[in-house]
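Student: Could we go through this structure together, one question at a time?

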Amino acid sequence: MKITNAHVWLGGNELKEMDIGIEGECFADAAGLDPAVKVIDAKGLTVLPGLINAHVHFCLDGSNDSVPHLVAEPHLSTAYRAAAAAEATLRAGTTTVRDVGCSGGIGIYLKKAIDAGFVRGPRMLASGPCIVMTGGHNRFIGVEVDGVDEARKAARKNLKMGADLIKVVSTGGVITSGVEPEHVQLSAEEMQAAVDEAHNCGKHAASHAQGEQGITNSLKAGVDTIEHGIYLTPALIETMLKQGSVLVPTLTPMRRILLGCGEERLPDYAVEKMRRTSEPWLDSFRAAIAAGVPIVAGTDAGTPGNPHGSVAVEVKFMVEAGMTEELALKSATITAAEAIGLGDKVGQIYPGFYADLIFVRGNPLKNISALDNLCGVMKDGEMIWFNPGVPDGSIAQGWLEA
């Protein structure tokens with residue numbers, strides 16, 4: 001297959017007019033293809049690598065009652081709904097995701113079903129249940145532990161099930177009642193036991209870390225990615241730079257609340273916590289950018305009032321908060337791929353990489369909202385859908401309707 005007349009983003013600060021070659025599942029040198037291959041004319045369109053969302057929860061439905069729904073419904077119903085969320089995510093142009101907390105084995109087995117072709121969805125990395133303290137944040141999508149040995153065993157069980165990474169919870173959070181983002185939960189020693197198990201088999205570890213001490217403990221434990229990072233300090237940012245740690249800021253749920261999207265239907269405690277943390281959240285994000293900490297896009301999709309769909313919403317919010325368009329695009333492509341361990345497989349339009357693409361109208365380097373003008377999606381060299389005449393904004397912006 002050859003894609004012609006495209007304006008292609010290759011990771012810099014400008015678009016390049018070029019043809020894109022595809023053989024099987026991967027990109028190839030367009031000049032070396034058989035002249036008789038199928039040709040797709042992308043005239044007038046901008047072509048980018050398929051986008052990456054490094055923080056989703058497919059077992060949560062994104063409604064305002066997503067947690068009570070999960071707790072009350074049968075496990076099999078959750079699995080079917082997660083599969084539908086995965087397909088919707090792919091159709092919205094997010095071709096790779098990292099599921100960082102799913103009840104039971106749903107996320108891991110959904111990933112296996114997608115890989116086997118039983119279910120259509122994005123390429124997945126899945127952590128399995130979060131590892132949390134007894135009574136802690138995210139316990140409804142986690143496994144509760146007390147002490148180093150239990151944390152180690154939980155990590156080993158997740159890895160045995162097929163987890164691609166380990167997720168630990170170092171602080172309280174917003175959507176769980178009775179806990180606070182600033183409060184410490186798992187200890188550094190408990191987390192390190194779980195993180196060591198991930199690293200021992202060449203896999204990454206992520207930490208839900210919002211408060212200062214929880215972030216400190218997470219970095220001491222050696223995690224690879226800090227999720228949320230609301231209360232960063234200059235010292236913590238310096239440690240992240242020294243250790244090569246990555247920030248996944250997940251601005252989307254916070255920004256939605258600030259914009260008043262559905263807040264009247266969310267629990268009062270969640271709205272209060274989100275509003276209270278919004279200023280330090282944005283300050284930490286901007287300080288991390290200024291210092292050169294790698295930033296990766298993640299929407300926290302599935303959490304209350306935060307439906308599944310395109311990661312473009314997070315990319316747009318990051319630009320709104322002060323990130324350049326180029327860096328924001330990298331946060332959902334090149335930088336994200338490297339951070340989640342797929343830097344040699346996805347995130348770039350380069351021979352040998354998986355042929356994941358999105359087609360949009362407009363130039364997102366000049367106006368990031370061009371990502372909303374979605375005209376087509378390709379994954380593994382298969383065109384999921386393509387309509388160059390009429391951008392499907394409803395797919396790109398479906399998150400607004402919940």
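Here are some questions and answers about the model.

Student: What is the average pLDDT of the chain?

Tutor: Good place to start, since this is a predicted model. Of the residues, 96% score at least 70, and the chain averages a pLDDT of 94.

Student: Over which residues does pLDDT stay under 50?

Tutor: Where pLDDT is low, the predicted coordinates should not be read in detail. The stretch you ask about has 14 contacts beyond four places in sequence in the model, and it covers residues 396-402.

Student: Is threonine 78 buried or exposed?

Tutor: Leaving aside neighbours within four places in sequence, threonine 78 touches Cys59, Leu70, Glu73, Ser103 and Ile106. Buried means under 20% relative accessible area. Threonine 78 has 1% relative accessibility, so it counts as buried.

Student: How is helix α5 oriented to helix α6?

Tutor: Two packed helices are described by the angle between their axes and the distance between the axes. For α5 (residues 188-200) and α6 (residues 212-221), the axes come within 8 Å and cross at roughly 40 degrees. That angle makes α5 to α6 oblique.

Student: And what is the handedness of the crossing, and which residues of α6 take part in the contact?

Tutor: α5 passes α6 in a right-handed crossing. From α5, the residues that take part are Ala188, Glu189, Met191, Gln192 and Val195, and they meet α6 at Gly214, Asn217, Ser218, Lys220 and Ala221.

Student: How do the residues of the contact of α5 with α6 divide?

Tutor: Glu189 in α5 and Lys220 in α6 are among the residues that meet here. Sorted by type, the residues of this contact come to four nonpolar, four polar and two charged.

Notes: Residues numbered from 1 in each chain as written. Predicted model: local features only at pLDDT ≥ 70, side-chain atom pairs only at ≥ 80, totals over all residues. Heavy atoms only, no water. Buried < 20%, exposed > 50% of the residue type's maximum accessible area, 1.4 Å probe, protein only. Contact = heavy atoms within 4.5 Å. pLDDT = per-residue confidence, 0-100. Axes fitted to C-alpha atoms, helices over the stretch in contact; angles between N-to-C directions. Helix = DSSP H or I, 4+ residues; strand = E, 2+ residues; numbered from the N terminus. Parallel < 35°, antiparallel > 145°, perpendicular 65-115°, else oblique. Left-handed = near helix turned anticlockwise from the far one by under 90°. Nonpolar A, V, L, I, M, F, W, Y, C, P; charged D, E, K, R; others polar.
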